[in-house]
Amino acid sequence: MSQSRLYDTVAFDVRDNATMLFFAQTTDEAEIEDYLLLLRTVDDEFEESLYVEVNEQQFGGHDLLESAELVSNTLTLNLREPSSELGGARKIVLTFAESAENLAAIEAGLFRVLGDVLDAGHA
């Protein structure tokens, strides 16, 4: 089972101990109506962990993803276990608008956030 999501905005950010890719579907008034956040944390005392947050519901851990693939404007996240937070989905398929800004965010952040699980793909 998979869950598909469509976004018009992608952003990349780096904080003190985290790197993030943010996918959002916005309204005509630029308000966020749906989002997915991929967050890789690094802490000196703990293992590196990857978290997924969907509309204020967070789940994750160091072994959350089995693999990820990017083909054109579609990013597929293959989960190790079915996600109860996503109705039992084992796969999250993210499709995003192919704007210059979104492609730049993907290029800047994809390997930094998902590098160790990025399995295949091309942009």
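Residues are numbered from 1 along each chain as its sequence is written. In this predicted model, local features need pLDDT of at least 70, side-chain atom pairs count only at pLDDT 80 or more, and totals for chains, interfaces and linings use all residues, while side-chain values use heavy atoms, with hydrogens and water left out.

**Exercise 1. State how many helices and strands the chain has, and in which order they run.**

Step 1. Helices (H or I, at least four residues) and strands (E, at least two) are DSSP runs, numbered from the N terminus.
Step 2. The chain contains one helix and 10 strands.
Step 3. Read from the N terminus, the order is β-β-β-β-β-β-β-β-β-α-β.

**Exercise 2. Determine what share of the chain is buried.**

Step 1. A residue is buried under 20% relative accessible area, exposed over 50%, and partly exposed in between (1.4 Å probe, protein chains only).
Step 2. Of the 123 residues in the chain, 42% are buried.

**Exercise 3. Identify the residues with the most contacts inside the largest nonpolar core, and the element that supplies its largest share.**

Step 1. A nonpolar core is a set of buried Ala, Val, Leu, Ile, Met, Phe, Trp, Tyr and Cys residues joined through side-chain atoms within 4.5 Å.
Step 2. The largest such core has 29 residues, and Phe23, Leu36, Leu38, Leu75, Leu77 and Leu114 have the most contacts inside it.
Step 3. Among the elements that each supply at least two residues of this core are strand S4 (32-43), strand S9 (89-96) and helix H1 (100-114).
Step 4. H1 gives the largest share of this core, five residues.
Step 5. For Leu75, contact (heavy atoms within 4.5 Å) is made with residues including Phe23, Leu38, Ile92, Leu110 and Leu114, leaving aside neighbours within four places in sequence.

**Exercise 4. Decide whether Asn78 is buried or exposed, and list what it touches.**

Step 1. Asn78 belongs to strand S8 (residues 74-83).
Step 2. Its relative accessible area is 11%, so Asn78 is buried.
Step 3. Not counting residues up to four places away in sequence, Asn78 touches Leu65, Glu66, Ser67, Glu69, Arg90 and Lys91.
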